Amino acid sequence: MLFIDRDEVLHLLSPKDCIQVMRQTLMDLENGCSEQYLRTVVHLPQENILGLMPAWLSSDVMGAKIITVFHKNSRVGLPSHQGLVLLFDSRTGSPLCIADGNAITQVRTGAVSAVATDLLARQDASHAAFLGAGAQARSHLAALMVVRELKAVSVYDQNPGFALAFAGWAEESFDLSVHVASTVSEAAKEADIICTLTPSPTPILFRKDVQEGTHINAVGACTAKQRELDSELVLISRFFGDRLESVIQEAGDFLIPLSEGVITREHFLGELGQLLCAKKQGRISSSDITVFESLGLAVEDLAAAYFVYSQKCIKT
């Protein structure tokens, strides 16, 4: 059994490759070639979480990601999300590998948002705003650069130092000039792609901040009581997700406006796999505001880990 650490994952799993893997994985899920189960969440003291995410892939691989979410870890210099991805041969039950879950999650989350952006953002979208400047901001920028030609980037973070560090990295990595904004509104007002990447339990992005024609990747909120988007913004949007089952169980961005009576369940218009298989329609007009609610699926983690495992086996 192999152990694949963070550096190997990041070396073997490029954003471009991961985007292709995610496209195929989501189509396979839609076509019934894999099995996806709702994550099991153990709620711990201080609103921390232990999660188990199992799945089976069409490639004869099964497994799970085990993840912890400790929101105050930044105070002690640790990431809030930590975990491992375990792969097994589904023909024999033999363990194949353990891969660093943080790196897998980092790359595949950005890649899935890039798939959503390619499906839902305007073709001429070229200004991306990142609300939150951590590791996910970096993975999202790298992935978005694959599907759109970005000409402008803005960033906001509650910690100005994080925003400045992101700007320096982006300029060095992609030769992009990044505007470091002092408010969310300033960062978002001219963007046509917005990525919300924060653990905020209450809305940070409001209808007034978003211009017509914008696509939003809502990534940071991952529980039923947590949201980054205000109800008015959700109401006027065309709303999509990675999996209906996950959205109606876990997405505060959707469930809170639903509980308020602002939207109905029919406001959810489809899954990425349905869009990829042309079973649902995404953007209808250039003025639509579209939302992709990213909750993360076990099939995505396993497919990314299996790609890395296969690449490592080829190279060795």
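Guide: Gladly, and we start with one word: contact means heavy atoms within 4.5 Å. In the protein chain, residues 24 or more positions apart account for 70% of the contacts with a separation of 6 or more. Please keep in mind that this is a predicted model, where local features need pLDDT of at least 70 and side-chain atom pairs count only at pLDDT 80 or more, while totals for chains, interfaces and linings use all residues. Residues are numbered from 1 along each chain as its sequence is written, and side-chain values use heavy atoms, leaving out hydrogens and water.

Visitor: What makes the chain as compact as a globular protein of that length?

Guide: First, its parts: the protein chain has eleven helices and 15 strands. These are DSSP runs numbered from the N terminus, with helices being H or I of at least four residues and strands E of at least two. The radius of gyration, taken over C-alpha atoms, is compared with the globule rule, 2.2 Å times the number of residues to the power 0.38. For 316 residues the rule gives 20 Å, and the chain has 18 Å, which is close, so it is as compact as a globular protein of that length. Its C-alpha atoms fill a box of roughly 55 × 45 × 40 Å along the principal axes.

Visitor: Why does Lys 65 count as buried?

Guide: Buried means under 20% relative accessible area, exposed over 50%, and partly exposed in between (1.4 Å probe, protein chains only). Lys 65 has 2% relative accessibility, so it counts as buried. This lysine lies in strand 5, residues 61–69. Leaving aside neighbours within four places in sequence, its contacts include Gly 51, Leu 84, Arg 108 and Asp 301. Across the protein chain, 55% of the 316 residues count as buried.

Visitor: How do you know that Gln 46 and Ala 278 are exposed?

Guide: Gln 46 is exposed because its relative accessible area is 61%, and the limit for that word is over 50%. Ala 278 is exposed too, because its value is 68%. Gln 46 sits in the loop between strand 3 (40–43) and strand 4 (49–56), and Ala 278 in the loop between helix 10 (272–276) and strand 15. Each has a positive phi of about 60° although it is not a glycine. Most residues other than glycine have a negative phi.

Visitor: Why is helix 9 called mostly covered?

Guide: Six of the eight residues in helix 9 (residues 252–259) are buried. Among them are Phe 254, Leu 255 and Ile 256. The buried residues of helix 9 pack against elements including helix 7 (231–236), helix 8 (244–250) and strand 14 (268–271). Just after helix 9, Gly 261 takes a positive phi of about 80°.

Visitor: What is a nonpolar core?

Guide: That name is for a set of buried Ala, Val, Leu, Ile, Met, Phe, Trp, Tyr and Cys residues joined through side-chain atoms within 4.5 Å. The largest one here has 46 residues, of which Leu 13, Met 22, Leu 87 and Ile 104 touch the most other members. Apart from it lies another core, of 27 residues, among them Ile 204 and Val 234. In soluble globular proteins, nonpolar side chains tend to be buried together.
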